[in-house]
Amino acid sequence: MDLTTDYLGLRLKNPLLPGASPLVDDLDAVRRLEDAGAPALVMHSLFEEQITLEEAAEMADVDAHEYSFAEAATYLPTAGDFTLGPDRYLDQIGRIKRAVDIPVIASLNGTTPGGWTGYAQLMEEAGADALEINVYFLPTDPAETSADVEARLVDVVRRVSGAVSIPVAAKLSPFFSALPNLARQLHDAGARGLVLFNRFYQPDLDPEELQVKPTLELSDAYELRLRLRWLAILSACNPADLSASGGVHTGLDAVKAVMAGATTVQMVSALLRQGPGHFAEVLGFFNRWLEEHEYESLAQLRGSLNLSTCPDPAAFERANYLKVLQSWDGRPTSAKG
Amino acid sequence: MIPRPRRVTVDGNEATAAVAYALAETIAIYPITPSSPMAESCDEWSAKGRKNLWGTVPRIMEMQSEAGAAGAVHGMLQAGSLSTTFTASQGLLLMIPNLYKIAGELHPFVIHVAARTLATHALSIFGDHSDVMACRQIGLAMLCSATVQEAQDMAAIAHAATLRSRIPFMHFFDGFRTSHEVGKIGPLGDDVLRALVREEDVAAFRSRALTPDAPVIRGTAQNPDTFFQAREACNPFYAAVPGVVDDLFAEFAALTGRVYRPFEYEGDPAAEQVIVIMGSGAEAVAECSARLNNEGAKTGVLKVRLFRPWSVAAFAGALPDTVRSIAVLDRTKEPGAVGEPLYQDVVTALAEARCCGLLPRSCDPVVVGGRYGLSSKEFTPAMARGVFEELRSEVPRNHFTVGIVDDVSGASLPWDRSWDIEPDDVTRAVFFGLGSDGTVGANKNTIKIIGEETDNFAQGYFVYDSKKAGAVTISHLRFGPRPIRSTYLVGRANFVGVHQWEFFDRMDVLDVAAPGAVVLVNSVHGPETVWAALPREAQEMIVARKLKLFTIDAYRVARESGMGGRINTIMQTCFFAISGVLPREEAIAQIKKAIEKTYARKGSGVVQKNFAAVDATLAALHEVVVPEVADSPRRRPPVVPGEAPDLVRRVTALMLAGQGDMLPVSAFPVDGSWPLGTTKWEKRNLAQEIPVWDAGLCIQCNKCVLVCPHAAVRAKFYDKSGLSAAPETFKAVDFRSATAKGMSYTIQIAPEDCTGCTLCVQVCPAKDKANPRHKALDMAPQLPLRDAERANYEFFLGLPEPDRQTMKAEVKATQFFRPLIEYSGACAGCGETPYLKLLTQMFGDRLLIANATGCSSIYGGNLPTTPYTTGGDGRGPAWSNSLFEDNAEYGLGMRIALDKHHEQACELLRGMGADLGDDLVTALIGGYAGDGASIVAQRERVIALREKLQGRTDEAARRLALLADYLVKKSVWIVGGDGWAYDIGFGGLDHVLWSGCDVNILVMDTEVYSNTGGQSSKATPLGASAKFAVSGKELPKKDLALYAMMNGTAYVARVAFGAKDSQTVQAFAEAEDFPGVSLVVAYSHCIAHGYGMHHGLEQQKLAVESAYWPLFRFNPRRTAPGDEPLKLDSGAAKVPLSKYLANEMRYRILERSDPDHAKMLQEAAQRHVTGHFAEYERLRDAMRVPPEPSTN
């Protein structure tokens, strides 16, 4: 079956993408992903904050010791024309571009207006075919309103879209009060696509040491549900391309995501667990499933169960909540049936 | 190669290294101050692929010592490779045997020496000619440079001359004064080097290479029948050298326009008084002579460039025959000689010249010799004038000194300190800064801007104090329309930058200001209040000298621009804005250009922040309206308190105030012996924040005390009654102890000695359950706490100390004992000093320390103040540093002496047995043991013995009285870093390991040569970048502990106090207890690892948890059935190695510059670590003593 997909203006061989992960650091893995059928690659994010922190740490911990002592002007070598900051990331874009023939979508998490636009331009110059803006922001200030948060986000998208000529997608968190409205604003501001959703790192607590423990768990299939709901809602009302990200582990998951309205489907955790070769299995299943279920085209599948097309739109809306609650019989799941 | 610009701004080391690198194929290197930067430059250029004159990248080889470098170079030359090396001081001495060989075999070769003082009564890293003069007899040609320009030019001449003459050359220049002076010079293009270095000479050298294709034998042994004649066979080659050099000088002049001579005279052609001098001091003499001649005198200076071979003809030809008196100035001292070497040569050469008719018989000048400038002592035109004046006297004094006041031998000449001849069109600026504020770096930038972007000439020289934390830097800058020849510090500045407000209270920073000078002050005080905040002395100086005062709150500007504590760019902008060296707008554009160049590699954020700082500076800079009279009621506080001992008040205080030059000879001990415990008189108040103790939350583990690198956190338990006189804010809590009931407990901070490193807070395990951010120690601003905590600390020190007999080898117990190393100049957060502190707490009252040169000898023994101190009983560590390479042997020698003293005391005791009482004798002989309780008991017996010896006059009694204290066992610890133990001192360490003697060796392993700036040692780990291993160390670190364990008879431990402090304490106790050699290898985090030292303990943990640094204790005497001689105190990896490596810049550098190579090395490192730990486990299992067979 012809799985060709247009995403952010890029023509892709199929709608399945390896999502933002450390796999792209390894050129061998990148080649294996291409061999396995990946139509494009999404790089993990460049974090402006990390660069800033690293610069500050170098200033405090390395530079501050220089020229302090007669016997040692410095304490570390200064060989190599390396630079701190984004260069390694930018170099990697170039290396991947040289290693494979598929488009590369760079990903950026900025913290300052200058950082967002500056790094976006550098990524474009480095050869990125598209840019994913990874909006990872946790509001902790009670004085900040949801409108402030949304306005800042829209502004970032507008600035970045204006600063680069490559297509821009915005990767969002699910924690917005009125996502359809925000999605519209983002599209109007220049976002050609929306990626649903980024996964907040959820720290754990260590009760013995009285510490917060940074942890990162890979996604599980349950997380797909949230994506399916919002893909279904947004695909019905927003012209932007939608990409599902989080919880897609199998070919069937991918089928569901496209049915809900996803233009593309991103996979990370499954690839990290099972290796780049797993991509081919998922793609194969996806293809087979469509053929076995006698779909004529991918377009026929896409959005076929979204809010405007599904037989029971209430299932995606509040009514479903009531229905599910009423069907609850109070017995433990394991005791059923 | 890329064409070089017409003018460059470099220091003498870089100028020299650039030539050496271009003309060498193989370079053997080893770090030693002040020559290390030459080797570092070559290594970096090689790593970057820079090519030499022949289009190949020279091969650089770091060796284990200078002796090793000399040996390697000898081999390189023997096999026909153009080779060079760099060294100084003791390093040069270590090369001497090979230099004899190289000279004897007529190998063309150049060694570049940044001439440095040899250690005698003390080590000194600074410059004089004592090292090169110790080589004058070897048979090397010796060519001396006096300036940065000359350092480059003579380097080229030396390389060309050695190839033409076959005589190896030593090219040398004054350490620091020339090696580290930044100047604007005309660089040498490759065309010049090609013209000087003839290919036929290179080909001839190649043809002599030792090769099996055309074999000869070299290095034979010869007998009395032939050695002498064969030795004389080289004479024609030496005779030709002056001519070769002269020819090259002529060719060089034609190529560059710069004219040099083997002996170069400058002054009145009919001079009557002449100073003969070699090195940078010649420039000061030349300036002086020119001024005196302008005033009608007839003086001149004869500069010696080609010191060996000495050409009598060239010397005589250069000297005006009108001369009536000559002073020969030597920058070295030869006690007991007729005179210093240059003086002796001049006297001999004059006699020979007159005898041979090279000088007229009428030329019969009086010749006197004098010493100047030892250890970079200032040598100024005023001092030269003092010498010229002496030469005019009827009978000039011989064997004088100049530049000091010698009130013991009366040898010193007087000079007029106020005589200043610097021209007005030279801008002279002096900046007082802290190392950490970036002042020196900014000034180097300023010199580059002015030197390379304007027609002005520029010079920079930088003076540092000897502290590693809170180091004061003084930058001396000159800019002017002519080449700057002033090879001395700025004495009269027309711009003074005081970058730290506190300096006004610590030293007389304005003394250097010329009348009408501009003074720039960094102060929190605004233009309206800054005047009132100045101490009276500073105000008086400002008024008297009509100084213009400007102020800026640079730290505020830095904070607001995101620059943290770096005020460098801000102060630099101020300098340009108010000094008028450049038009303001142009200056700012140039600063920004320089910022971009300097910081681009550090990231655009850093560049932007610096730009923001420049832009914000001018608005924050204010001129202060200076009142007509000084009115401050506040005087500068005394440098040391009034209760300090006499020597501290008379001598140390002057050194601390930057006036050590004023001290006369009589102020000093004659043999380098100094009293202990002087850091306590220097309250440096470095910490902006200090820890504050929450007594209620504290669990009394004493870990904070153990980790404090500066002994600024202390713990005591004491009887509650001791609190009756406590200051109001003194904190105490009930002591939690099963055995010491009813006592109080206190953790006390030394507020003025703390450096604010926060290690104590990091290690503190006691968290407030409701608010875990709050611990039993939290940091709080120092200033509001200072006075109260000072009083509390004083009170705390007076509280009673525990009885040594009660000490257990446990963390908590050891930390109640007074540290006998305190408030050292080590870096904030130092990873070494906690080990030394522990050592002194456990054994300090009976401890001899042999300390290898390195960081620990600098923070342990660099004047003005030293940290080792005594306990309440007056006993304390007896500390000494001999050299770098000999430390193990040095400590072994101490042990042997102590053992012999003890043996003789026992012999005397036995001989006098009946007289003294057999019981006492038996107890004294049997009571020789090293544990705390035995020591205390034995000391009491010695007191009893002394009472019995009192009044006895027989020889045995008198001898025994001298040796009685040796009946109490002393503990010898041989201490040093990895550069010593793994590399230069390894041969000696190996020998000591096999000696079986009762010594303990503590290796504080920072995995690089920390003191000289982080050069790779054999302890540097695989994958780490270090100087001399810029592209990442390719091999794993040497496992010294494993090596020592294979000895099979020594106690060996590997420790990391940040990972498992209890194991460290246990290892120290076992090492001390072990009756043979003990070696403890101690992980020491270090600023050279490239991360904040407050994370040092976490990194130690990760080093252990990743199995990179397995903890173990090996005791060959654990041989009982079921025993484990090798106890692994840490387990297999819990975390991947990458988790440890990722936090340190030394690993990340390579990730950035060459990610693929970094990945490959890190994977190799992980494989090595995994395999290595498994090896340890196998070893443990193999060594395990089988349990006794069951009797059932």
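Helices α21(B) and α22(B) are roughly antiparallel to each other, because angles over 145 degrees count as roughly antiparallel, under 35 as roughly parallel, 65 to 115 as roughly perpendicular and the rest as oblique. The model is predicted: local features need pLDDT of at least 70, side-chain atom pairs count only at pLDDT 80 or more, and totals for chains, interfaces and linings use all residues. Residues are numbered from 1 along each chain as its sequence is written, while chains are lettered from A and ligands numbered from 1 in the order in which they are written.

**Helix packing in chain B**

- Helix α21 (residues 584–599) packs on α22(B) at an angle of about 160 degrees, with the axes 9 Å apart; axes are lines fitted to C-alpha atoms, for helices over the stretch in contact, and angles run from 0 to 180 degrees between N-to-C directions.
- Helices (H or I, at least four residues) and strands (E, at least two) are DSSP runs, numbered from the N terminus.
- The crossing of α21(B) and α22(B) is right-handed; this term applies if the near helix is turned clockwise from the far one by less than a right angle, and left-handed if anticlockwise.
- Among the residues making this contact are Ile588(B) and Ile591(B) of α21(B) and Val606(B) and Phe611(B) of α22(B); two residues are in contact if their C-beta atoms, placed from the backbone, lie within 7 Å.
- The contact of α21(B) with α22(B) has eight nonpolar, one polar and two charged residues; Ala, Val, Leu, Ile, Met, Phe, Trp, Tyr, Cys and Pro count as nonpolar, Asp, Glu, Lys and Arg as charged, and the others, Gly among them, as polar.
- Helix α20 (residues 568–579) of chain B meets α22 (residues 604–620) at about 45 degrees, with axes 9 Å apart, and α20(B) is therefore oblique to α22(B).
- The residues on the α20(B) side include Thr569(B) and Ala577(B), and those on the α22(B) side include Asn610(B) and Leu618(B).

**Nonpolar cores**

- The largest nonpolar core has 348 residues, and Ile157(B), Val496(B), Val519(B) and Val1080(B) have the most contacts inside it; such a core is a set of buried Ala, Val, Leu, Ile, Met, Phe, Trp, Tyr and Cys residues joined through C-beta atoms within 7 Å.
- Helix α6 (residues 148–165) of chain B gives this core its largest share, 10 residues.
- Another core, of 89 residues, lies apart from it and includes Ala20(A) and Phe279(A).

**Thr162(B)**

- Thr162(B) lies in helix α6 of chain B and is buried, with 31 other C-beta atoms within 10 Å; a residue is buried if 20 or more other C-beta atoms, placed from the backbone, lie within 10 Å of its own, exposed if 12 or fewer, and partly exposed in between.

**Where the chains meet**

- The contact takes 33 residues from chain A and 45 residues from chain B.
- Helix α2 (residues 48–61) of chain A gives the most to the side of chain A that touches chain B, with nine residues.

**Backbone details**

- The peptide bond from Leu196(A) to Phe197(A) is cis, with omega near -5 degrees.
- Another cis peptide bond joins Thr33(B) and Pro34(B), with omega about 0 degrees.
- Glu294(A) is not a glycine but has a positive phi of about 55 degrees; Glu294(A) counts as exposed, with 7 C-beta neighbours inside 10 Å.
- Ala1107(B), also not a glycine, has a positive phi of about 70 degrees; Ala1107(B) counts as buried, with 23 C-beta neighbours inside 10 Å.
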